[in-house]
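The points below are grouped by topic.

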Amino acid sequence: MSNVTFDADGITLERVREYVWEIPPEGDMRAPARVFASEALLEEIKEDKTLEQIKNTTHLPGITNYAICMPDGHQGYGFPVGGVGAIDAEDGCISPGSVGYDINCGVRMMRTNLTYDDLQGREEELVDSLFTNIPSGLGGGGIVESGVDTVEEILERGVDWALENGHAVEGDLLHCEDEGVRAGADADKISQKAKDRGKNQIGSLGSGNHFLEVQRVTDVFDEEVGAAFGLEKDQIVVLIHCGSRGLGHQTCNDYLRKIEQQHQGLLDQLPDKELAAAPAGSQLAEDYYGAMNAAINFAWVNRQLIMHRTRQVFERVFDRPWEEMEMELLYDVAHNIAKKETHTVGGEDRELYVHRKGATRAFPAGHPDVPNAYRDVGQPVIIPGSMGAGSYVLRGGENSMDLTFGSTAHGAGRLMSRTQAKNEYWGGDVQDALEEQDRIYVKAQSGATIAEEAPGVYKDVDEVVRISDALGIGDKVARTFPICNIKG
Amino acid sequence: MRYELCDHTADIAVAATGDSLESAFAAVANGLAAASCDEFEDAGGERFSVAVDAESREALLFDYLDELIYRRDIRGELPVDHRVDAVSGPGSGTGERSDTGTDEWSLEASARGVPLTEIDAREIKAVTYSEMRLERVDGGWEAYVVFDV
């Protein structure tokens, strides 16, 4: 091993090999931390508290091999965004703060058989219709507004509920992780407060960095895998990014508070209270896992309803049935989640709670948990970029199980704070520039959101994806570029 | 009583001061409102009351802010113009965790609810414990709270 180091203002990283950096254990760190990044990305990562936060993550009992920071890593709360922590499910813990507030925040991509030519000239009509028909922003309601009993059914049954109620077709389930129904979901472990928040938000984007985008495929880097994913150049696709809304946010906080009240001893060992964890095997760990799985189902249904509504909007705008436009789900990936998974550690199979916060599962070809439709090529991974830079579709790389517990990055990663963004950009200017220069039509509830999500506030998604590809944890398949974007 | 919105890469932080615990709590809550919405009318909307119990001073601040976010979603209103009438706890506000168990701290407050349909507001997802500080300083209290956006 070479002894190249990178000095990040007081934290020294040792180069393990190209694009792999390690912070050796010191003090109460239970394991090293590893950062998967180029030096260019490290220069950005070192600017905030990301590295301190990934070091803190190694204090969680049961952390296995090393805590991981992805190339798009940035400062979050407690656990950094772009973090992966694989934690022993027998002797370790499960950490709600390390999953994050927006449980099963994630992205799904829907294919169409339309091409860019079919859409040109109708962008404004489409963006207006999407914006009118898909609830977004604060207090915008949901596609379905109903009682707590419906929320409970959704929590237990996931996308099966949507299928039964006319918001999905069979194929949607077959192209979603876990077929859209998370086993072990327990609606009784979700509080009344969380259900009350959720009942008016079923099928809604929310605000912040969540969005729906109509995109065109600009590049297919791997023809064989692209064909397996049904992607070709100039094709129109739809990308949806959102999560479990207030229900998930409330669930996270409910459990953080319970941990504080019941497991103060473990909490006292952790350098940031937001890393709060329930010891594996405790009642609270079981309860949280049941609640989190239920919230995962809620988020899947949320994205499903938005996708199905999008089909109806396309039907109206293009005056033909959605089936004729072959509007089919390509895949749905979560990027805020903890899943009990079996991984090989030191030659032995171990059950781990793999916490991915702002990180995406990226299982390779042949893995039994990859849906049948993609088992031969690897799991699709969807990496949304900023609204000016486009997004990527990857497939789980063959090195992901060895290097990153089957994970890769989740997006571009923020570079600039929201307050700074609002000082540097004005929403209207950003919107005009995108339309005039890039022919991207943006519609948002709030001009401030457009400023805060301006392309310049994000890291270079090309560089993030280049590192994922070079490491073989997530391989480039295709690239897309936005046409219409709606947000909160 | 004053607050300031602070830089945070992905989220937003509020730094607040007050000459009493009550005013520091209200200042953080007003910071939360400001982080949610740049401009709202000085009048209009009805006031509603908020009561919270918790086992420590920090937990009380956390639960108060969590309750405000919950009320926002349930009522469809952004809570603004916060007043905290009373914060009471064991040991005259020493802030130590009480020996006798939970719910030793309590708060009584109120806020004005501005209908979300009337304003350009964005969603603050949640209050966090990350880097939270609530400290006595010369002349009052200082608080620092990171919110998830």
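This is a predicted model: local features need pLDDT of at least 70, side-chain atom pairs count only at pLDDT 80 or more; totals for chains, interfaces and linings use all residues.

**Packing of the two helices of chain B**

- The axes of H1(B) (residues 21-36) and H2(B) come within 11 Å and cross at roughly 35°.
- The crossing in which H1(B) passes H2(B) is right-handed.
- From H1(B), the residues Phe25(B), Val28(B), Ala29(B) and Leu32(B) take part in the contact, and they meet Leu61(B), Tyr64(B), Leu65(B) and Leu68(B) of H2(B).
- By class, this contact has eight nonpolar residues, with no polar and no charged ones.
- An α-helix has 3.6 residues a turn, so residues three or four places apart point the same way.

**Chain B overall**

- Chain B has two helices and eight strands, arranged along the sequence in the pattern β-β-α-β-α-β-β-β-β-β.
- Its radius of gyration is 15 Å, close to the 15 Å given by the globule rule for 149 residues, so chain B is as compact as a globular protein of that length.
- Along the principal axes, the C-alpha trace of chain B spans about 45 × 30 × 25 Å.
- Buried residues account for 55% of the 149 residues of chain B.
- Among contacts in chain B with a separation of 6 or more, 70% are between residues 24 or more positions apart.

**Chain A overall**

- Chain A has 18 helices and 20 strands.
- For 488 residues, a compact globule would have a radius of gyration near 23 Å, and the 21 Å of chain A agrees with this.
- The box filled by the C-alpha atoms of chain A, taken along the principal axes, is roughly 65 × 50 × 45 Å.
- Of the 488 residues in chain A, 61% are buried.
- Residues 24 or more positions apart make up 76% of the contacts in chain A with a separation of 6 or more.

**The interface between the chains**

- In the interface, 37 residues of chain A are in contact with 30 residues of chain B.
- On the chain A side, strand S5 (67-77) and helices H9 (192-198), H11 (245-262), H15 (418-424) and H17 (447-452) each supply at least two residues.
- H11(A) gives the largest share of that side, eight residues.
- By class, the side of chain A that touches chain B has 19 polar, eleven charged and seven nonpolar residues.

**Tyr101(A)**

- Tyr101(A) is located in the loop between helix H3 (96-99) and strand S8 (106-115) of chain A.
- It counts as buried because 28 C-beta neighbours lie inside 10 Å, where the cut-off is 20 or more.
- Not counting residues up to four places away in sequence, Tyr101(A) touches residues of both chains: Gly248(A), His249(A) and Cys252(A), together with Lys125(B), Ala126(B) and Asp148(B).
- Tyr101(A) and Phe405(A) are 304 residues apart in sequence, and their C-alpha atoms are 22 Å apart in space.

**Residues with positive phi**

- Most residues other than glycine have a negative phi.
- Arg245(A), which lies in helix H11 of chain A, has a positive phi near 55°.
- Arg245(A) counts as buried because it has 30 C-beta neighbours inside 10 Å.
- Asp81(B), found in strand S4 (residues 77-88) of chain B, has a positive phi near 50°.
- With 18 C-beta neighbours inside 10 Å, Asp81(B) counts as partly exposed.

**An exposed residue in a strand of chain A**

- Asp349(A) is found in strand S14 (residues 348-357) of chain A.
- Asp349(A) is exposed, since 9 other C-beta atoms lie within 10 Å and the cut-off for exposure is 12 or fewer.
- Leaving aside neighbours within four places in sequence, Asp349(A) is in contact with Thr342(A) and Thr344(A).

Definitions and conventions: Residues are numbered from 1 along each chain as its sequence is written. Chains are lettered from A and ligands numbered from 1 in the order in which they are written. Two residues are in contact if their C-beta atoms, placed from the backbone, lie within 7 Å. Helices (H or I, at least four residues) and strands (E, at least two) are DSSP runs, numbered from the N terminus. Ala, Val, Leu, Ile, Met, Phe, Trp, Tyr, Cys and Pro count as nonpolar, Asp, Glu, Lys and Arg as charged, and the others, Gly among them, as polar. Axes are lines fitted to C-alpha atoms, for helices over the stretch in contact, and angles run from 0 to 180 degrees between N-to-C directions. A crossing is left-handed if the near helix is turned anticlockwise from the far one by less than a right angle, and right-handed if clockwise. The radius of gyration is taken over C-alpha atoms; the globule rule is 2.2 Å times the number of residues to the power 0.38.
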